[in-house]
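Please examine the model displayed below together with its sequence. The paragraphs that follow proceed from the sheets to the helices and then to the charged side chains.

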Amino acid sequence: MVLSVEATPTDALKRLFNSDAASSFCLSGGSALYLAGEPADSLYWLRTGRLAALQANHDHDGPLIGLIHPGEPVGEMALIGGGAHSADVVALRDCEISVVSHKAFFEAVNREPALMTELARRMLSRMRPVQHIQGQPSVFGFCAVGPGLKVRALVESIAKIMRDHGHRVTVVGAEAQHSPGQWFLDTEHDEDFVLYAAEPDEVDWILMMSRQVDRLFRVAAGAESPPPNLAAVPGDTPYSRRLTDLILIQKANCRIPRGSPAWSAAVAPDRVFHIRQNRVTDLERLARVITGQAIGLVLSGGAARAYAHIGAIRVLRAAKIPIDFVAGVSMGAIIAAGMAMGWDDREIDRRIRKAFVDSNPVDDIALPLIAMTRGGKVRARLAQHFGDQDICDLWLPFFCVSANLTTGQTEILRHGRLSDALAASGALPGFLPPVLKGQDVLVDGAVLNNFPADIMRQIQSGPIIGVDVSRGRSVAAGDITTMSLWRWFLSGEWRKGPPIVSLLMRAATLSTTRDLRAAREATDVLILPMVDHIEVRDWKAYDEAVEAGALAARAALAKLTKPVTELRRSPR
């Protein structure tokens with residue numbers, strides 16, 4: 001059974017795909033229509049079902065580029081351009097697809113030039129930047145994992161929140177399993193969102209439901225261990241796992257989430273979400289994730305200047321703006337991790353002051369064989385404040401970035417021990433020792449990407465707020481001391497770290513300048529604190545940097561004409 005609605009093509013495309021030149025075939029959910037790099041020798045038309053375009057990588061788990069709905073052509077860009085396909089296109093559901101060959105297509109274009117005009121219009125529409133996400137998922141499945149866990153009540157609670165925010169939503173369970181196909185077609189056509197719920201023992205319903213959704217949530221109890229015989233979702237493939245998330249239900253009084261390492265190993269989800277029993281705010285977060293209104297916060301690196309992030313966060317919280325995903329680089333990653341831990345404003349202030357303001361965290365100067373400092377004080381303070389916390393066991397989904405000197409690529413750190421990831425994200429080359437990850441050498445993420453808003457866009461489709469303190473000059477002639485080594489020690493300037501720190505930081509991040517504009521364009525709200533006057537080594541400049549962040553955040557929010565959650569809400 002195919003759960004989708006066939007759209008009406010233009011007259012030119014209708015004639016082509018209804019002609020003798022076209023043939024049709026069925027593609028089962030989870031299968032690939034084509035992979036990146038394969039020659040573009042055909043034009044496809046999606047009649048029923050739904051396809052996903054994924055950015056190609058060797059594991060077939062690249063980020064989602066977009067969804068392809070019934071009534072849309074597929075593969076036209078590569079076919080007309082004469083090259084290979086640039087993305088993996090896979091079936092989210094059982095699909096019916098029509099196809100014409102390269103030769104038949106161009107013969108049809110010679111007979112009817114309007115065909116090329118229509119395809120060119122569609123290609124330009126896909127390439128043009130838009131305010132709203134196109135092809136947003138609208139059909140979600142919830143599958144309970146583990147005995148005794150009921151998921152229907154959870155889904156009904158999420159649906160109620162979505163309705164309260166003006167969305168048309170229906171919840172469908174196993175009672176509809178034997179309904180005629182047209183009932184499913186009509187339901188998905190008439191609603192903004194359809195949420196399918198399946199209990200652990202509803203095997204046949206799970207089989208049907210899991211192959212007909214845009215994204216699948218597997219729901220488990222965080223305090224329980226995965227059963228040893230945990231079965232994969234029917235039809236599970238590397239492609240479907242890219243669109244499968246994990247929800248772990250935690251006890252109402254849970255202080256720190258638990259269970260994600262074991263459950264992630266068993267389920268291999270794309271993202272992990274924690275919700276506490278009877279906690280409405282956690283359900284509201286899931287509702288925003290489903291409707292594409294979840295808010296991501298990205299914090300740049302910038303050493304002492306990154307204190308400004310704390311002021312911006314205070315203003316966002318005072319304005320009741322929910323934050324659902326967080327990310328950062330270097331010092332920005334540490335502050336973002338505090339948010340993901342669930343620290344309130346007072347706790348963030350207390351911990352950052354203790355770790356970085358009250359005493360210098362980088363004055364353990366060493367013989368510079370690998371770095372100017374030993375890095376021991378930084379690692380000790382990260383361990384003190386974050387312990388052995390696993391990244392996936394945070395209240396908010398979190399990532400930070402590091403530069404992998406071994407591969408020459410950006411390393412996105414979304415799993416493993418949080419303190420290790422933060423150390424890698426802030427290991428400024430030449431100043432702090434690098435972090436080893438297996439055979440790879442990781443250093444400060446600012447070397448390749450000091451403001452990863454573009455990566456946040458790959459992980460979630462809702463609005464993004466970015467706070468960037470990497471603007472303005474970093475080093476000027478007056479910043480470079482010419483005093484003797486003896487006077488430098490006597491003056492106390494050595495506690496800030498040597499002036500070479502500023503040189504190293506600026507030199508290490510120069511390569512990101514050309515990418516900064518693109519990263520900033522990925523944000524919906526851009527906050528640019530005025531911190532040019534704060535030296536990156538001035539760890540005592542806490543209060544003035546915090547105030548600069550607060551001023552910039554107030555100014556950015558004052559320019560908005562609608563709530564942040566509405567900035568990417570698709571018109572229905």
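In which sense do E1 and strand E8 pair, and over how many bridges? E1 and strand E8 (residues 95-101) are antiparallel and share 5 bridges; helices (H or I, at least four residues) and strands (E, at least two) are DSSP runs, numbered from the N terminus, and two strands pair if DSSP finds at least two bridges between them. The model is predicted, so local features need pLDDT of at least 70 and side-chain atom pairs count only at pLDDT 80 or more, whereas totals for chains, interfaces and linings use all residues. Residues are numbered from 1 along each chain as its sequence is written, and side-chain values use heavy atoms, with hydrogens and water left out.

Strand E4 (residues 51-55) is joined to E5 by 4 bridges in the antiparallel sense, and Leu54 has Leu64 in E5 as its bridge partner.

Turning to the helices, Ser260, Trp263, Ser264 and Val267 are buried in helix H9 (residues 260-267), where buried means under 20% relative accessible area, exposed over 50%, and partly exposed in between (1.4 Å probe, protein chains only). These residues lie on the same side of H9 because they cover an arc of only 100 degrees around the axis, the arc being that of the directions from the helix axis to the C-beta atoms. Just after H9, Ala268 adopts a positive phi of about 55 degrees.

The whole structure contains 27 salt bridges, each defined as a side-chain nitrogen of Lys or Arg within 4 Å of a carboxyl oxygen of Asp or Glu. One of them joins Asp282 to Arg285, with the closest N and O atoms 3.6 Å apart. Asp282 and Arg285 are 3 residues apart in helix H10 (residues 280-291), and therefore about one helical turn separates them. Both Asp282 and Arg285 are buried.

The side chains of Arg314 and Asp349 meet at 3.0 Å, N to O. Because Arg314 lies in helix H11 (residues 308-318) and Asp349 in helix H13 (residues 345-357), the pair ties together parts that are 35 residues apart in sequence. Arg314 is partly exposed, with a relative accessible area of 31%, whereas Asp349 counts as buried at 18%. A salt bridge also forms between the side chains of Arg457 and Asp524 (3.3 Å, N to O). Finally, a network of salt bridges links Arg215, Asp245, Asp270, Arg271 and Arg414.
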